[in-house]
Amino acid sequence: MQVIKIHHPYDPELIPAGPVVLAMGFFDGIHRGHQAVIKTARKIADEKGVPLAVLTYDHRPEIVYQQYPVGGVHYLTPLPRKLDLLEQLGVDRVYLVNLTSALSALDPQAFVDQYLIGFHAIAAVAGYDHTYGADPSVANMEHLKDFAKGRFEVVTVDKMTLQDNHKVGSTRIRQLLDLGDVQSANVLLGYFYQTSGVIVHGFARGRTLGFPTANVAWPEAEWIPAIGVYVVQLKIGDRWYDGMASVGRNVTFGEHNEKTLEINLFNFNQMIYGENVQVRWIKRLRGEVKFASVDDLIAQMRLDQHHSKLTLQNLKALPGQILQ
């Protein structure tokens with residue numbers, strides 16, 4: 001997959017010749033709704049015999065349009081992960097656009113002329129709620145046909161809802177992760193949620209308890225599920241290992257501790273400090289508890305391990321899952 005970085009105003013020489021079908025969106029999460037957009041565009045590109053290109057952005061639009069939030073901006077799919085998922089979906093080319101004030105100041109007609117026409121789109125595909133400018137009442141899919149002026153086809157993908165009538169959307173997924181409900185988040189994503197990190201030294205308490213843990217320092221911009229205990233898998237190198245994770249502050253051992261991510265891997269005995277890893281989030285078992293004694297903590301961890309192993313023994317791919 002070719003990735004072309006674009007900064008406004010861009011050099012037209014950067015744009016390969018020839019028509020494309022262009023899918024548009026920020027696509028944080030590459031959830032089932034996003035996948036529907038990409039798959040629709042892929043089908044049209046195959047029918048027309050042209051490459052599938054994606055126009056996406058290097059950071060969330062809020063950075064340009066709103067005050068920078070306390071605690072920073074977090075992503076369901078940081079850029080490397082998003083690009084990997086787009087490639088899995090069969091995208092041929094990504095136009096990675098630097099979203100700036102100068103770009104956002106373009107009126108919708110100028111944006112269409114400079115970007116969609118400039119990228120040689122013969123069809124533009126996006127979700128029903130996609131916008132492409134500071135005024136979403138104008139720069140939306142309803143008006144895109146007017147700005148296209150017959151120069152390319154406009155295809156709008158409808159809202160996707162599940163049986164509970166919840167819209168499949170990035171905002172809902174973030175809310176579920178903040179509640180620790182990774183199972184429901186995974187249903188909306190269509191794959192098991194993943195985060196990344198590096199293995200670092202911790203306090204080695206787990207080893208003394210009989211549950212040695214891999215301590216994962218995660219990138220600041222990644223969206224980590226709520227405090228609690230989870231069934232997970234950890235990817236080291238090319239292999240996935242089963243385990244259970246604690247996101248928490250180790251409240252049994254004192255107050256005001258920093259939040260950590262510690263993963264106990266089953267039947268594992270390797271030195272892995274410094275390894276770059278991926279965490280696959282399967283299920284939440286419980287919240288964090290301050291135990292009256294270390295013995296109580298150990299007893300609960302044995303139960304957690306038992307339930308985790310049962311969950312992983314019965315683990316199946318999500319219905320319709322195509323992404324890893």
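Is Val 64 buried, partly exposed or exposed? Val 64 is partly exposed, with a relative accessible area of 22%; here buried means under 20% relative accessible area, exposed over 50%, and partly exposed in between, using a 1.4 Å probe on protein chains only. The legends below start with the whole molecule and then come back to Val 64.

This is a predicted model, in which local features need pLDDT of at least 70 and side-chain atom pairs count only at pLDDT 80 or more, while totals for chains, interfaces and linings use all residues. Residues are numbered from 1 along each chain as its sequence is written, and side-chain values use heavy atoms, leaving out hydrogens and water.

**View 1. The protein as a whole has 10 helices and 12 strands.** Helices (H or I, at least four residues) and strands (E, at least two) are DSSP runs, numbered from the N terminus. The C-alpha trace spans about 70 × 40 × 40 Å along its principal axes. Of the 324 residues, 50% are buried. Among contacts (heavy atoms within 4.5 Å) with a separation of 6 or more, 74% are between residues 24 or more positions apart.

**View 2. Val 64 sits in helix 2.** Not counting residues up to four places away in sequence, Val 64 touches His 59, Leu 99, Thr 100, Ser 101 and Ser 104. For Ser 104, 40 residues from Val 64 along the chain, the C-alpha atoms of the two are separated by 7.9 Å.

**View 3. The largest pocket has a volume of about 1100 Å³.** A pocket is an open set of points on a 1 Å grid over the protein atoms alone, where a 1.4 Å probe fits, with protein on both sides within 12 Å along at least five of seven lines; lining residues have an atom within 4 Å of a point. The volume is the space filled by probe spheres set on the points, which are joined across faces, edges and corners. The lining has 40 residues, and Phe 26, Phe 27, Asp 129, His 130 and Thr 131 lie nearest the centre. Helix 1 (32-48), helix 2 (62-65), helix 4 (101-104) and helix 7 (170-179) each give two or more residues to this lining.

**View 4. Helix 8 (residues 182-189) has buried residues Val 182, Ala 185, Asn 186, Leu 188 and Leu 189.** Seen down the helix axis, these buried residues fall within an arc of 160°, so they line one face of helix 8. The arc is that of the directions from the helix axis to the C-beta atoms. Their packing partners are helix 1, helix 7, strand 9 (228-236) and strand 12 (276-286).

**View 5. Tyr 10 and Tyr 115 form an edge-to-face aromatic pair, 5.1 Å centre to centre with 65° between the planes.** Rings of Phe, Tyr and Trp (its six-membered ring) pair if their centres lie within 6.5 Å; planes under 30 degrees apart count as stacked, over 60 as edge-to-face and the rest as tilted. Tyr 10 is in the loop between strand 1 (2-6) and strand 2 (20-24), and Tyr 115 is in helix 5 (residues 108-116), 105 residues apart. Tyr 10 is buried at 15% relative accessible area, and Tyr 115 is buried at 0%. The rings of Tyr 10 and Phe 119 have centres 5.6 Å apart and planes at 50°, so this pair is tilted. One aromatic cluster takes in Tyr 10, Tyr 95, Phe 111, Tyr 115, Phe 119, Tyr 132 and Phe 147.
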